[in-house]
Amino acid sequence: MLKVGVLASGSGTNLQAIIDACKEGKINAEVAAVVSDNRDAFALERARKHGIDAYFSDASDRKKHEEEINKIFSDKGAGLIVGAGYMRILSPQFVQKWYGRIINIHPALLPSFKGTDGQGDALRYGVKITGCTTHFIDEKTDHGPIILQAAVRVHEGDDRDKLAKRILRVEHQILPRSIDLFEQGRLKIEGRRVRITEGDSWMKYALPDVLYSEGF
Ligand code: GRF
């Protein structure tokens, strides 16, 4: 069974979505450990509640932080690292070591609105459609080959929180699905593109008024 190491910095709703998908048997994987750079991250509490080893790792010394992440996940036999609301930039050395086995979720349609407030940046720009993206992490920020995307409409009267909530519901679908596709061996990185080979679909879980990329 695929063991997943999760990196989280905040409330951990994406982590929760992964835990739930594993428990429901939607993905043949288990969360082996959670590491956060924020000792107060509720994500750590969520992990503990499910009997998952949860670690705070001080990121003020990035080298030490990454050595700890690497040791914890390697010792657990993690086959995939998932950035689930993890707000740090990983070093090129760390990414090189895990490239192809480390993915991330971003709350905007990359390459638009990279950075730490994709939802707010999109709203302030005045876009009519935004969404979320899962991608392999490479040595640049929010830049690696894209796995899945989903498009979400911006509504009149949306504020940042309303829009972020609408996007978050879809993040909770495409991140577990990306782990599922990885576990099935269906993700083929070909340069900048990720080819998703034939197989099952999660369109039975599709939310109304959301456009999902092929492979979902
Ligand atoms: C999510 O929108 C995630 O994409 C962003 O932070 C938000 C909260 O994530 N990085 P979570 O609830 O901590 O998973």
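Predicted model: local features only at pLDDT ≥ 70, side-chain atom pairs only at ≥ 80, totals over all residues.
**View 1. Residue classes around the second largest pocket.** The lining of the second largest pocket is made up of eight charged, six polar and five nonpolar residues.

**View 2. The largest pocket and its centre.** The volume of the largest pocket is about 760 Å³. A total of 38 residues line the largest pocket, of which G85, Y86, M87, I105 and P107 are the closest to its centre.

**View 3. Elements and domains at the largest pocket.** Two or more residues of the lining come from each of helix 1 (13–23), strand 5 (102–106), helix 5 (118–125) and helix 6 (160–183). Helix 6 gives the most to the lining of the largest pocket, with six residues. Domain 1 (1–98) and domain 2 (105–216) each supply at least three residues to the lining of the largest pocket.

**View 4. Residue classes around the largest pocket.** Which classes of residue are found in the lining of the largest pocket? The lining holds 16 polar, twelve nonpolar and ten charged residues.

Definitions and conventions:
Residues numbered from 1 in each chain as written. Heavy atoms only, no water. 1 Å grid on protein atoms, 1.4 Å probe; cavity = no way out; pocket = protein on both sides within 12 Å on 5 of 7 lines; lining within 4 Å. Points joined across faces, edges and corners; volume = space filled by probe spheres on them. Helix = DSSP H or I, 4+ residues; strand = E, 2+ residues; numbered from the N terminus. Nonpolar A, V, L, I, M, F, W, Y, C, P; charged D, E, K, R; others polar. Domains from an automatic or database assignment.
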